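This report looks at how two parts of one chain meet. The sequence and the structure come next.

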Amino acid sequence: MSENTITFTKNENPKVKPQSDQLSFGKYFTDHMFIQDYSPQEGWHNPRVVPYQPIVLDPAAIIFHYGQTVFEGLKAYKTKSGQIKLFRPDKNMDRLNRSNDRMCIPPIDEEFAVEAVKYLVQIDQDWVPDAPGTSLYVRPFIISTEPYLGVSPSATYQFIVILSPVGAYYESGINPVKIAVEDRYVRTVKGGTGEAKTAGNYASSLKAQEVVAKEGYEQVLWLDGIEKKYIEEVGSMNVFFKVNGEVITPELNGSILAGVTRDSVIELLKHWNIPVTERRITMEELYNYHQKGELEEAFGSGTAAVISPIGELVWEGKKMTINNSETGEISKRLYDTLTGIQYGTEEDVFNWTTPIKETLEK
Ligand code: COI
C-alpha cells in the first residue's frame, strides 16, 4: 500500500489556529485526521484522511470496557528554512508494533504508517508552529472497536492519527521539575504491560499523581512494583542521573518504556565519550550518592518532555535538591543538541530526521 492509496476529504470549515507562542501541551487539534480500519477479512484497509471529527463507536466496543488500545507520540518540527521534519518516526512505529503484540492487536505496516503520518502532516503543515520550543505533536493510536462484552481480543480495530500543535509539556517550561518518588502505588510489574504504550499504564498512574500534585510535585518517579526499591521511570519520561561524571539510567527490564528520546540520549552520550550505563539502581543508592554530594544532575527524557531537568526529588519524606535546582551542564547540552537536530540548527549526524514533502500532489 502506498501513500497514494490514502483518500483525502478536505475540511471545508478550517479552524482558527492558536497563537504559536501561547501553546501548552495537547489542547488544540488540527483540521484533519488519518483513519484506517481493520477486519479479519480485509486486514488493514480503507486508509483515509478526513476532517477532524468525533468517532462514533458502539457502547459495547471493547476499548471502553477492557482498554485494548495502544498509542504513540512523536513530533514534527519546523526548521529555520521552513522545512518540516519528523524525528525518528520509524522507531515509534516499531514500538507501536511491539505494543500491539503485547495487547493482541494485529500489526500495522510500519513503513506505510510513517508515510501516512507524513501525508497527514503535509496536509496540515500550516499548523506546525514556529515559536521557539513549539512543534506539532503526532498521536497515532489504535482502538478495539468490536461490540462484545466477553474478555477477548477484538476482531475489529481503527488506527487513527491526530495532530496537536504544542509548547512545553510542563507548566514550568524547561525549568527543573519537582518529582515525588512513589512508595505506595505501583504503575506496573515485570511481565505486566509496562513496556507497552497502552492506556491502562497511564490510567493507573493518575491517583498517585493526583496525590503528589497537592504537595506541589509535577510527577511521580515509579519504583519497581515488587520490592519498591529499584528506580523505573516517570510516567511521561525515562530518567537519567549523573553520578561522579557517569550517567546512569535504569535498564530496560520489561516494565519500563523503551523511550525513543532515551535511546537518542544514550547515543549522544556515547558519541561524546561520556560514560553512560544502563543498569538497576535503587532509590537508596541514589539517596546515598546525593548525601555524599556525588549526584550531580538528574533529568527526564521523552518526546513530550524533551529533556526535563529534575531540580528536586522527595523520597520517604526526605527532600533531595539536585544541582541547586538549576539545569545541569549535561542536561543543557543534551537539550540543545537534540532540539538543534530537530529544528535543523545542528548537523543531524545520526540521520534521525526525515522531511515531509511540502507540496500536495493530489
Ligand atoms: C510522549 O512523550 O510522547 C508521551 O507519550 C508521554 C505522554 C504525554 C503520555
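In this predicted model, aspartate 263 and lysine 91 join their side chains in a salt bridge, with 3.9 Å from N to O. Between domain 1 and domain 2, the salt bridges number 2. Residue pairs in polar contact between domain 1 and domain 2, with both residues at pLDDT 80 or more, come to 12.

On the side of domain 1 that touches domain 2, two or more residues come from each of strand S4, strand S5, helix H2 and strand S7.

| Element | Residues |
|---|---|
| strand S4 | 69–71 |
| strand S5 | 74–78 |
| helix H2 | 89–102 |
| strand S7 | 135–144 |

H2 contributes the most to this side of domain 1, with 6 residues. By residue type, the side of domain 1 that touches domain 2 has 8 nonpolar, 9 polar and 9 charged residues.

The domain assignment places domain 1 at 7–167 and domain 2 at 177–343. In the contact, domain 1 takes part with 26 residues and domain 2 with 21 residues. Taken over C-alpha atoms, the centres of domain 1 and domain 2 lie 27 Å apart.

The size of an interface is often expressed as the accessible area lost when the parts come together. Here domain 1 and domain 2 bury about 2,000 Å² between them, and 57% of this is on carbon and sulfur atoms. In domain 1, the residues that lose the most area to domain 2 are Phe71, Phe87 and Arg95, which together make up 30% of what that side buries.

Notes: Residues numbered from 1 in each chain as written. Predicted model: local features only at pLDDT ≥ 70, side-chain atom pairs only at ≥ 80, totals over all residues. Heavy atoms only, no water. Domains from an automatic or database assignment. Contact = heavy atoms within 4.5 Å. Buried area = accessible area lost by both parts, 1.4 Å probe. Salt bridge = Lys/Arg side-chain N within 4 Å of Asp/Glu carboxyl O. Polar contact = N/O pair within 3.5 Å; in protein donor to acceptor, adjacent residues only side chain to side chain. Helix = DSSP H or I, 4+ residues; strand = E, 2+ residues; numbered from the N terminus. Nonpolar A, V, L, I, M, F, W, Y, C, P; charged D, E, K, R; others polar.
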